[in-house]
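Dear colleague,

Please find below the structure that I am handing over to you, with its sequence. My notes on what was found in it follow directly after.

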Amino acid sequence: MIDHTNNMNNPYDSPPVSPRYTALGPNSPTLSSAQQIHLQPPTTPFGEIKLIGAGPGDPDLLTMAAYKAITTWADIVLADKLVSKEILALVKCPLFVANKDKGCQASGQQELFERATQALKEGKKVVRLKQGDPFIFGRGGEEFLFFRRLGYETTIVPGLSSSIAGPLLAQIPLTHRGIASQFLVCTGTGKLDTIPDMPTYVAHRTTVFLMALHRLEDLVQDLLRAGYPLNLPVAIVERASAKDQRCIRATVETVVETLKEAKYRPPGILIVGWACDALAQNPEQLGGLTAASSTMMDSQE
């Protein structure tokens with residue numbers, strides 16, 4: 001007989017006691033001197049930390065676990081600048097918002113680490129609040145490992161990523177029978193502002209680019225070199241779920257000029273693929289769907 005009694009705890013309501021001190025062995029990763037300072041087992045009282053996704057911005061799209069954490073559980077909330085002011089207004093405890101503007105990312109991240117570490121050493125309940133989902137281009141994994149090296153096991157609370165919510169709120173299905181059988185989420189900017197590899201064109205795929213619109217002109221050239229057709233529909237969704245959300249529709253060929261005319265309002269995501277027009281009210285908007293891609297997708301169940 002299997003005993004399930006030890007599996008009944010909800011980690012979001014009752015996070016595991018932390019910190020759990022992690023002994024470093026010969027194969028452990030090398031840490032900076034600043035990190036090594038904190039490697040001694042913390043003295044009591046022990047703090048706890050939750051890494052939480054805030055979703056795209058509308059407070060109604062927070063998970064219940066996230067809402068309870070920032071309104072009743074936390075002693076301090078450390079948030080990224082992209083988290084909406086409407087969500088930050090729900091916080092009942094001391095709040096710190098990091099400055100991660102271009103050129104300040106490293107110092108802003110370091111200050112977050114320092115404030116979190118100090119609060120944990122003081123026995124506080126810490127919420128690390130990140131836009132969207134913390135593990136989708138949010139550096140959440142890096143932060144999880146940082147706190148693990150200090151001996152803390154972080155409770156992860158998922159968030160609704162703008163890569164999925166943004167298209168949905170703009171009435172763009174990422175998958176649609178007969179048009180798109182898969183979707184891909186990419187970053188438009190690599191580590192230290194490097195240019196990531198461009199995925200090859202697949203007719204039945206919808207591709208969503210995050211952190212890409214500041215280099216849209218170069219990205220379009222990357223798309224063309226990777227075989228994306230000029231008439232392929234694209235959409236830009238700005239400020240997904242906010243009251244001033246806007247969707248700008250164009251094609252690979254016209255999107256750069258279209259965005260210039262519309263005057264971009266960050267943050268935004270870029271959606272590329274035939275699915276951008278899948279729910280179009282005007283059937284002519286689907287005229288660019290090639291016979292080849294249509295035939296390929298007719299067999300999709």
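Predicted model: local features only at pLDDT ≥ 70, side-chain atom pairs only at ≥ 80, totals over all residues.

The structure holds four aromatic pairs. Here, rings of Phe, Tyr and Trp (its six-membered ring) pair if their centres lie within 6.5 Å; planes under 30 degrees apart count as stacked, over 60 as edge-to-face and the rest as tilted. One of these pairs is formed by Phe113 and Phe146, which are stacked at 3.9 Å centre to centre with 15 degrees between the planes. This pair links distant parts of the chain, since Phe113 belongs to helix α4 (residues 105-121) and Phe146 to helix α5 (residues 140-149), 33 residues apart. Helices (H or I, at least four residues) and strands (E, at least two) are DSSP runs, numbered from the N terminus.

Residues are numbered from 1 along each chain as its sequence is written, and side-chain values use heavy atoms, with hydrogens and water left out.

Phe113 is buried, with a relative accessible area of 12%, and Phe146 is likewise counted as buried, at 8%. (Buried means under 20% relative accessible area, exposed over 50%, and partly exposed in between, with a 1.4 Å probe and protein chains only.) Phe113 also pairs with Phe147: the ring centres are 6.0 Å apart and the planes stand at 80 degrees, so this pair is edge-to-face. It too links distant parts of the chain, with Phe113 in helix α4 and Phe147 in helix α5, 34 residues apart. Phe147 is buried, as is Phe113. Phe113, Phe146 and Phe147 together form one aromatic cluster.

Just after α5, Gly151 takes a positive phi of about 100 degrees.

Two charged side chains sit over rings, meaning that NZ of Lys or CZ of Arg is within 6 Å of the ring centre and within 35 degrees of the ring normal. Lys50 lies over the face of Trp73, at 4.4 Å from the ring centre. Arg115 lies over the face of Phe96, at 3.9 Å from the ring centre.

As regards helix packing, the axes of α7 (residues 216-225) and α8 come within 9 Å and cross at roughly 160 degrees. That makes α7 roughly antiparallel to α8, a term used for angles over 145 degrees. Axes are lines fitted to C-alpha atoms, for helices over the stretch in contact, and angles run from 0 to 180 degrees between N-to-C directions.

Most residues other than glycine have a negative phi, and most peptide bonds are trans. Arg239, although not a glycine, has a positive phi of about 50 degrees; Arg239 lies in the loop between β8 (233-238) and β9 (246-251) and is partly exposed, at 28% relative accessible area. Lys263, also not a glycine, has a positive phi of about 65 degrees. Lys263 lies in the loop between α8 and β10 and counts as exposed, at 64% relative accessibility. Pro266 and Pro267 are joined by a cis peptide bond, with omega about -5 degrees. Pro267 lies in the loop between α8 (255-262) and β10 (268-272).

Yours sincerely

Conventions
Parallel < 35°, antiparallel > 145°, perpendicular 65-115°, else oblique.
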